[in-house]
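Keep the viewer open as you read.

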Amino acid sequence: MEVASLVQKITGLHSAISKLPSLSPSPEVDRLFTDLVMACVPTSPVDVTKLDPETQKMREELIRLCSDAEGKLEAHYSDLLAGFDNPLDHLSRFPYFSNYINLSKLEYELLVRYIPGLAPSRVAFVGSGPLPFSSLVLAAHHLPNTHFDNYDMCGPANERAQKLFRADEDLRTRMSFHTADVATLTDVLGKYDVVFLAALVGMAAEEKASVVAHLGRHMADGAALVVRSAHGARGFLYPIVDPEDIRRGGFDVLAVYHPEGEVINSVIIARKVDALANGLQNGRAHAKGAMPIANKTDESCKREANALQKREEMVAAEEQLAF
């Protein structure tokens, strides 16, 4: 009954959103999408992948509507921020900026936890959009010596994004923006230590699997892949990524994390398999087993991250003794 009630509510919101004359920011658009988010964020027993075909079709349409609305919202605020002398001083005007701060912090903490000693010199963010908050937070607060290549298929989105860094010399020199479809990138992908894949790159399951497989063919062995996914009712807002698709793409899945707080996206941490070390089967590398983290709260992740350094020192000492 709980699932049926949730699906009925979201179906009604989908119907109302579908009838909107525009998805550009407005009081009505903001109200409907706020209602949608509030319905989807609480913990729910729903498995959206097992809903009936009609509901699945509605969900796919809703995700695309969310993507369009998110793009328009980000473009609106990117233009607003660009009007200030230093746009980076006014980022808090974006209503969901704190979510990006927390999500980027979570991703960084998971990365350094599961890939100890990670110190990337070059990172790619695929699907950066007109407000590249994730790259910004990572570059400014977590990876101060890293160069970020931001990829988006939309040229105007990249033009907007680039304007935001004009008053910050350090970030301006470490942020590059490229208009390209990730499916057209080949050799350049081998230069990155970490690749971040935004939630809305490849909205259907087969599209996402195709993107991951392409990354697996061209990323360097040992490079890290961070994939944003969704869990439970949040799967009505963003695509759900099957970890098996990531393994089939040639990666070891190191962690699957489902937050329960204000961070909406799930996070999958993976690492490109070393084909020579692991052997090949039908031209594809074997992927090792996963070490999943499921349904932990944001606070529990913070506590674990705070103990990271001590753990790494203990592991290093044990490995040295074993050697």
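What follows covers a helix pair, then a sheet and the helices lying on it.

## Before you start

Bear in mind that this is a predicted model.

## The helix pair

Start with helix H1 (residues 2–18) and helix H2 (residues 27–40). Their axes come within 10 Å and cross at roughly 160°. Angles over 145 degrees count as roughly antiparallel, and H1 and H2 are therefore roughly antiparallel to each other. As for handedness, H1 makes a left-handed crossing with H2.

Which residues do the meeting? On the H1 side they are Leu6, Lys9, Ile10, Leu13, Ala16 and Ile17, and on the H2 side Leu32, Phe33, Asp35, Leu36, Ala39 and Cys40. Sort this contact between H1 and H2 by class and you get ten nonpolar residues, two charged ones and no polar ones.

## The sheet

Now for the strands. Seven of them form an open sheet with mixed pairing, in the order S3-S2-S1-S4-S5-S7-S6. Strand S3 (175–179) and strand S6 (251–257) are the edge strands, each pairing on one side only. On average, and ignoring direction, neighbouring strands of this sheet are turned by 20° against each other.

A reminder about sheets in general: strands pair through backbone hydrogen bonds, either parallel or antiparallel. This sheet is mixed, and the pairs below include each kind.

## Strand pairs to look at

For a parallel pair, go to strand S1 (residues 122–126) and strand S4 (residues 194–197), which are joined over four bridges. Here Val126 has Leu197 of S4 as its bridge partner.

For antiparallel pairing, look at S7. Strand S5 pairs with S7 in the antiparallel sense over six bridges, and the bridge partner of Val227 in S7 is Ile268. S6 also pairs with S7 in the antiparallel sense, over six bridges; Tyr257 stands opposite Val267 in S7.

Is S7 largely enclosed or open? Six of its seven residues are buried, so S7 is largely enclosed by the rest of the structure.

## Helices on the sheet

Helix H5 (residues 133–142) lies across S1, strand S2 (147–152), S3, S4 and strand S5 (224–229), and it runs at about 175° to S2. Helix H8 (residues 205–218) packs on the sheet too, touching S4, S5, S6 and strand S7 (266–272). The direction of H8 makes about 170° with that of S4.

Definitions and conventions
Residues are numbered from 1 along each chain as its sequence is written. This is a predicted model: local features need pLDDT of at least 70, side-chain atom pairs count only at pLDDT 80 or more; totals for chains, interfaces and linings use all residues. Side-chain values use heavy atoms; hydrogens and water are left out. Axes are lines fitted to C-alpha atoms, for helices over the stretch in contact, and angles run from 0 to 180 degrees between N-to-C directions. Helices (H or I, at least four residues) and strands (E, at least two) are DSSP runs, numbered from the N terminus. Angles under 35 degrees count as roughly parallel, over 145 as roughly antiparallel, 65 to 115 as roughly perpendicular and the rest as oblique. A crossing is left-handed if the near helix is turned anticlockwise from the far one by less than a right angle, and right-handed if clockwise. Contact means heavy atoms within 4.5 Å. Ala, Val, Leu, Ile, Met, Phe, Trp, Tyr, Cys and Pro count as nonpolar, Asp, Glu, Lys and Arg as charged, and the others, Gly among them, as polar. Two strands pair if DSSP finds at least two bridges between them. Buried means under 20% relative accessible area, exposed over 50%, partly exposed in between (1.4 Å probe, protein chains only).
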